[in-house]
Amino acid sequence: MLRTLRRALRPARIPGRRFAAGITELPPTAREALGTDVTAGEAIAYNRVRVATATAVALYRSGYTLPMTDGDLDDAVLALDFPYSVPSAATRASIRAALAVLDADYTVTVTR
């Protein structure tokens, strides 16, 4: 499964822009976006959701939809090589939620 995801999430062509692993780049970290006075809980939640959303977008662009197993979601996070990312139950839940939103919104389309 990991090899399949790595192949599926390799750089894609989207209207003239090259995306590495299905994403442009990760949003800034919690410290960069929220400043140094952010609490540990806020930083953890922010960083978890930024990884989950980027993973969900990469999966959606690659044609993956729910349901997905925990192992598949773990493989996706690891295949995208996010620094310091360790898939957790909360991260997997966030990925599933983002995938569900992308799938439910008929205005979201994938351009290849």
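**A guided look at a predicted model**

Read along the sequence, the protein follows the pattern α-β-β-α-α-α-α. This is a predicted model, where local features need pLDDT of at least 70 and side-chain atom pairs count only at pLDDT 80 or more, while totals for chains, interfaces and linings use all residues. Residues are numbered from 1 along each chain as its sequence is written, and side-chain values use heavy atoms, with hydrogens and water left out.

Student: How many helices and strands does the protein have?

Tutor: Helices (H or I, at least four residues) and strands (E, at least two) are DSSP runs, numbered from the N terminus. On that basis, the secondary structure comes to five helices and two strands.

Student: How many contacts does the stretch of residues 10-21 have in the model, beyond near neighbours in sequence?

Tutor: A contact means heavy atoms within 4.5 Å. Over residues 10-21 the pLDDT is below 50, and beyond near neighbours in sequence the number of contacts in the model is 21.

Student: How far apart are the end C-alpha atoms of helix 5?

Tutor: The expected span of a helix is 1.5 Å times one less than its number of residues. For the 16 residues of helix 5 that gives 22 Å, which agrees with the distance between its end C-alpha atoms, 22 Å.

Student: Within what arc do the buried residues of helix 5 fall?

Tutor: Buried means under 20% relative accessible area, exposed over 50%, and partly exposed in between (1.4 Å probe, protein chains only). In helix 5 the buried residues are Thr91, Arg92, Ile95, Ala98, Leu99 and Leu102. They line one face of the helix, because, taking directions from the helix axis to the C-beta atoms, they fall within an arc of 125 degrees.

Student: Which exposed residues sit on the face of helix 5 turned away from its buried side?

Tutor: The buried residues have cover that includes helix 3 (40-61) and helix 4 (70-79). The face turned away from that buried side carries the exposed residues Ala89, Val101 and Ala104.

Student: Which residues does Val108 touch, leaving out those up to four places away in sequence?

Tutor: Val108 lies in the segment after helix 5 (89-104). Val108 is partly exposed, with a relative accessible area of 27%. Not counting residues up to four places away in sequence, Val108 touches Tyr60 and Leu102.

Terms used:
pLDDT = per-residue confidence, 0-100.
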